[in-house]
Amino acid sequence: MSVLPSAPKRRLRSQYPAESSENHVEYILVASFDIDHGSVMEHQYPAPISGDETMLAELMLPDQTHMRSQDWTIFFLHKDTSAEEEAREERRERRRQRRRRKEGLDSDDPAIEGGEANADVEDLDDDDFDTEDEEDEDDDGIEGPPLVYVLNLVNTKQDIKHKRGAIVKAMAICTRHSFLHIYKPLLLLALEEYFRVPVPETLASLYNAVNSMDLSLMPKLSPLEGFILQASDAKDMFIEKFDLMIKQRMVEDAERDSLPSSSGSNMSPARHNATKYVLPRDTHEFDSRVHYNGIPVPIKVPTAISPETVGDFSLIKLIQTFSTPHATSPQPFALHPHLTTSGAYTHPIIVLVNALLTQKRIVFLGHNRPSGEVAEAVLAACALASGGQLRGFTRHAFPYTDLTKIDDLLKVPGFIAGVTNQIFTHKVEWWDLLCDLPTGRMKISSRIEAAPASEGVQFFQQQQAGLGGNPSLGAQIASAVTAGEGKGAVDLTGDNAFMEGLLQAIANRHGEAAIRSKWRFWVLKFTRLAAAFEELVYGASALYIGPHETEDGAGAYGVFGHGYVWNDDVSRMKELAANTHRIEGWRVTRSYFTFIQDLARRWEKRPVRGIDLQHQHDRLRCARLSHDQSAAIYLAFAQAVEEAGPSYSPSDSMADLSSGVNSISMDASGELSPRRPPSEQLQYDTILQLLTVVPETNSGLFYISLGLFHPRPDVRIAVVKLLERIVEHPAGRHFWASLGRFAKLAFFRVKREETGAGR
């Protein structure tokens with residue numbers, strides 16, 4: 001068996017192509033404080049940015065900034081991008097036309113036959129067509145135009161010659177990149193230079209330097225690849241893609257060198273050599289350099305970024321800030337069903353996440369603290385609730401704001417704001433949850449809107465009444481439903497146990513990536529609980545987009561079922577009842593509706609649609625299965641991967657299970673759509689989809705490898721073939737490497753038995 005990874009043989013694209021017209025940085029701003037005129041905008045380069053200059057200058061110069069020599073802050077701008085949207089939509093339409101031409105669906109369409117439209121389509125190469133899905137996946141059109149992220153640095157220099165005894169200036173970089181923290185070293189150098197030479201040319205020098213940063217060798221990852229990379233600690237995960245990018249560039253360099261120059265002589269091939277291209281030491285980050293004022297500044301750009309992740313923040317810091325006071329001297333919260341899901345002593349971090357999920361107004365207060373500290377807390381909170389799954393938080397976040405903008409702030413439903421003014425403590429009508437950073441305490445407002453009556457609560461109350469013959473179960477359900485109202489003593493949500501495990505992981509120095517991964521799966525579990533809740537209470541769920549099982553209960557791959565898995569119905573009822581208030585509060589928020597739209601888009605791009613891989617793997621992990629039930633799951637996994645490959649044909653041994661069912665699938669709108677034909681790329685993506693449900697940080701391939709010990713020989717052989725495919729996969733080889741030695745010995749034993757039986 002070969003352990004060398006294989007990848008689809010198609011040209012890779014860069015996340016930031018060298019020929020792209022989009023700049024890394026769009027604007028550079030400089031503001032200063034004048035004793036007579038207040039905050040003043042001094043320069044905007046390369047042109048004035050749209051918006052109120054005075055408002056921008058005030059944001060760039062936070063309250064009490066003169067008391068600190070340096071301060072960082074972040075804020076967001078909503079910029080008019082109508083022209084960009086028109087151009088983007090035109091490109092999308094051209095790609096759609098090309099796709100219809102390739103599929104032969106538009107042969108009778110006069111708009112496609114010949115003429116100018118046809119010429120436009122021919123201008124696109126295969127790369128444009130192949131990456132349409134990836135580009136659309138990153139599009140933020142659902143929520144509106146992309147935000148402009150602003151990283152701001154304020155410096156105060158003491159100078160007795162000035163009226164106030166000090167000079168206060170701020171410089172800001174405006175970018176569409178959410179990883180704006182990479183520009184911090186450059187802002188430090190540039191603002192120091194501006195103090196020395198306060199002219200527009202100083203801004204121009206910085207602008208040209210950052211926009212000359214070369215990120216063209218950073219490969220564009222699919223959403224599945226990005227998910228796996230972020231969940232993995234392997235420093236060489238997807239290193240093959242970086243290697244292929246370098247090889248493509250070297251070929252381009254060789255072709256360019258072989259062309260005659262304007263003088264007729266050939267360029268020297270020695271000018272381009274392999275030594276100038278180096279593979280990254282850690283594929284989670286791409287190393288680049290920015291040459292500013294003769295100084296090569298090293299830059300590390302994250303290769304994969306989750307939604308709602310902006311800047312450089314620490315979930316560990318946020319969690320510890322509010323966990324330590326709660327652990328040493330717990331204080332009860334004012335009860336609210338949406339927030340105190342485990343009673344008055346619900347963990348503060350759970351209260352915060354509940355407030356974010358149910359779209360409450362949240363204020364982070366950092367009195368006498370740098371504005372950068374409250375901004376980091378706001379950004380960390382957004383990422384906490386998102387878990388890389390949900391959206392709708394950062395667009396309504398204000399990492400730093402002040403009293404002059406309170407009227408605008410209060411118009412935003414469910415805002416998340418960072419402030420430093422102590423007056424917010426006393427204005428309980430301005431917020432629903434106040435998070436005090438210096439004290440590490442949270443407070444629920446006495447003016448918070450009461451939770452409305454919901455069908456979910458009524459449903460479980462009726463369930464309780466209908467269980468007169470089982471008073472013990474009825475009491476447990478009643479306790480679960482009323483826990484958020486302070487009437488239940490037992491934590492049936494499991495949040496307390498989760499927080500204990502999380503804090504233990506932090507104490508064991510598991511690192512920021514591990515903590516983010518744990519929260520990612522907490523949020524994923526919550527969305528799956530919500531889907532099960534809707535199906536139970538309302539009969540169907542907008543959060544489930546998938547195939548409908550046949551009448552005999554068998555799905556397209558011989559297995560059935562979807563969603564979260566419980567050991568028994570009692571556990572299911574108790575956990576759903578305990579989450580009733582939180583789920584009902586989330587169901588009316590923008591993150592809920594955005595998530596539904598995101599699920600539809602993901603479904604369109606999902607390699608395997610006929611089976612819920614997560615559900616089936618959870619059955620192997622949690623449920624008590626018979627040999628036949630577990631065999632069906634192992635065979636379904638193997639069939640899904642095998643059918644996706646280019647060598648698959650309907651006459652293969654496992655094809656009878658599907659009997660043509662998989663030739664078509666249903667899209668998010670309920671219409672039948674043709675299934676992607678078997679190919680190397682489809683098999684690659686199918687294995688990726690399987691690996692996303694068995695993350696290395698959890699159990700990895702352990703539960704799949706248990707199929708090597710199944711009593712049925714055909715199941716053991718199918719699992720061997722499945723693992724062989726995984727080992728040959730660029731990402732799968734890392735999962736294989738982390739598999740235990742006992743399972744690997746069983747793998748080779750079954751393989752020897754298969755070889756011996758075939759002789």
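Analyst: Gladly, keeping in mind that this is a predicted model. Helix α17 (residues 512-538) and helix α18 (residues 569-578) have axes that come within 10 Å and cross at roughly 105 degrees.

User: How are α17 and α18 oriented to each other, then?

Analyst: Angles of 65 to 115 degrees count as roughly perpendicular, and therefore α17 and α18 are roughly perpendicular to each other.

User: Which residues make the contact?

Analyst: On the α17 side the contact is made by Lys525, Leu529, Ala532, Phe533 and Leu536, and on the α18 side by Arg572, Met573, Glu575 and Leu576. By class, that contact of α17 with α18 has six nonpolar and three charged residues, with no polar ones.

User: Is Phe533 buried or exposed?

Analyst: Phe533 is buried, with a relative accessible area of 0%. Its ring and that of Tyr538 have centres 6.5 Å apart and planes at 70 degrees, so the pair is edge-to-face, and Tyr538 is partly exposed at a relative accessible area of 30%.

User: Switching to aromatics overall, how many pairs are there?

Analyst: The structure holds 23 aromatic pairs. In one of them, Tyr16 and Phe179 have ring centres 6.2 Å apart and planes at 80 degrees, so the pair is edge-to-face. Tyr16 lies in the segment before β1 (25-34) and Phe179 in the loop between β5 (166-175) and α6 (184-196), so the pair ties together parts 163 residues apart in sequence.

User: Which charges lie over a ring face?

Analyst: Lys184 lies over the face of Trp72, at 5.2 Å from the ring centre, and Arg520 lies over the face of Phe227, at 5.7 Å from the ring centre.

Definitions and conventions. Residues numbered from 1 in each chain as written. Predicted model: local features only at pLDDT ≥ 70, side-chain atom pairs only at ≥ 80, totals over all residues. Heavy atoms only, no water. Axes fitted to C-alpha atoms, helices over the stretch in contact; angles between N-to-C directions. Helix = DSSP H or I, 4+ residues; strand = E, 2+ residues; numbered from the N terminus. Parallel < 35°, antiparallel > 145°, perpendicular 65-115°, else oblique. Contact = heavy atoms within 4.5 Å. Nonpolar A, V, L, I, M, F, W, Y, C, P; charged D, E, K, R; others polar. Phe/Tyr/Trp six-rings, centres within 6.5 Å; stacked < 30°, edge-to-face > 60°. Buried < 20%, exposed > 50% of the residue type's maximum accessible area, 1.4 Å probe, protein only. Lys NZ or Arg CZ within 6 Å of the ring centre and 35° of its normal.
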